[in-house]
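Subject: Structure for you to look at

Hello,

Here is the structure I promised to pass on. My notes follow below, so please have it open while you read.

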Amino acid sequence: IVCVTAYDYTVAKLLDAAGVDMLLVGDSLGMVVQGHDTTLPVTLDQMIYHTQAVVRGSEKAFVACDLPFGLCHRSSDVVLEAAIRVLKESGAQAVKVEGGVPVAQTIQALTTRHIPVLGHVGLTPQSVHAFGGFKVQGRGEAADRVLADAVAVEEAGAFAVVLEGIPARLSEKISARLTIPTIGIGAGPGCDGQVLVVYDLLGLYDGVKPRFVKRYMDGSALVRQAVGHFAEEVRNRSFP
Ligand code: KIV
């Protein structure tokens, strides 16, 4: 399963044409689009706005939209209301919910009403302050907690689960144990699929670069070169 994040129409169209299976409108947009240090400030309205644009750019790819921080802390009814808005107003086919055992009931409230849920366990960025930073989860004894989270997400009816920032051996174990597909990010090669943040993949994001990120092109250099060329031609009046 090839999954890439997308936040706008043009990039979604390119990713879709490149054969990406799933476009994830991640709340990582809070960091790579809005310039915040965490994903916490992102609102539901912003997620819907970006997802609408991505859905317009996607012909074949499945589109999932992150439920932003603060929703799953509230009642299942509030989350259900939000997920209905996402599907109705944006056209996404699924929502992503961060968390395991503590949000399993909430996930179930969605899936029993036929709202497809993509789970997300391990280094869940919405819990960054509880983790004391963007730190690998599930090392040593903590592995059992991540495994229990993944199992709870599956039992609650999620159709797949993102495993983020956990040791490769743990993601292999979880992938072998679950019947639903696992999609890894910083979780080694043992998952059923992989996801990357599009600005990382294209080398466009100059912020913190996690060790697992592979840049498939040096986008920043290409943009600097192209825009520098444009600036030069405007200034020496060779363009237009
Ligand atoms: O917000 C996001 O982009 C994500 C992916 C990196 C999994 O949750």
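A crossing of two helices is called right-handed if the near helix is turned clockwise from the far one by less than a right angle, and left-handed if it is turned anticlockwise. With that in hand, α1 passes α3 in a right-handed crossing. Please keep in mind throughout that this is a predicted model.

**Helix pairs**

Let me stay with α1 and α3 for a moment. Helix α1 covers residues 9-17 and helix α3 covers residues 44-57; their axes are 7 Å apart and the helices pack at an angle of about 40 degrees. Angles under 35 degrees count as roughly parallel and 65 to 115 as roughly perpendicular, so α1 and α3 are oblique to each other. On the α1 side, the contact is made by Tyr-9, Ala-12, Lys-13 and Asp-16, and on the α3 side by Ala-53, Val-54, Arg-56 and Gly-57.

The next pair is α4 (residues 76-90) with α5 (residues 104-111), whose axes come within 9 Å and cross at roughly 45 degrees. These two helices are therefore oblique to each other as well, and their crossing is right-handed. Ser-76, Val-79, Leu-80 and Ala-83 of α4 make the contact with Gln-105, Thr-106, Ala-109 and Leu-110 of α5. Here the contact holds 5 nonpolar and 3 polar residues, and no charged ones.

How do α7 and α8 cross, right-handed or left-handed? The crossing of α7 and α8 is right-handed. Their axes come within 10 Å and cross at roughly 30 degrees, with α7 spanning residues 143-155 and α8 residues 168-177. That angle makes α7 roughly parallel to α8. Ala-143, Val-146, Leu-147, Ala-150 and Val-151 in α7 meet Leu-170, Lys-173, Ile-174 and Arg-177 in α8. The contact of α7 with α8 divides into 7 nonpolar and 2 charged residues, with no polar ones.

**Around the ligand**

The residues around the ligand are Thr-5, Leu-24, Gly-26, Asp-27, Ser-28, Asp-66, Lys-96, His-120, Val-162, Ile-185 and Val-197. Which distances separate polar side-chain atoms from oxygen atoms of the ligand? For Lys-96, a polar side-chain atom lies 2.9 Å from a ligand oxygen. For Asp-27, the distance from a polar side-chain atom to an oxygen atom of the ligand is 3.1 Å, and for Asp-66 it is 3.2 Å.

**Two backbone details**

Two spots in the backbone are worth a look on your screen. The peptide bond from Phe-239 to Pro-240 is cis, with omega near 0 degrees. You will find Pro-240 in the segment after α10 (219-235). The other spot is His-114, which has a positive phi of about 65 degrees although it is not a glycine. His-114 sits in the loop between α5 and β5 (117-122).

Happy to go through any of this with you.

Best wishes

Terms used:
Residues numbered from 1 in each chain as written. Predicted model: local features only at pLDDT ≥ 70, side-chain atom pairs only at ≥ 80, totals over all residues. Heavy atoms only, no water. Axes fitted to C-alpha atoms, helices over the stretch in contact; angles between N-to-C directions. Helix = DSSP H or I, 4+ residues; strand = E, 2+ residues; numbered from the N terminus. Parallel < 35°, antiparallel > 145°, perpendicular 65-115°, else oblique. Contact = heavy atoms within 4.5 Å. Nonpolar A, V, L, I, M, F, W, Y, C, P; charged D, E, K, R; others polar. Near = heavy atom within 4 Å. Polar contact = N/O pair within 3.5 Å; in protein donor to acceptor, adjacent residues only side chain to side chain.
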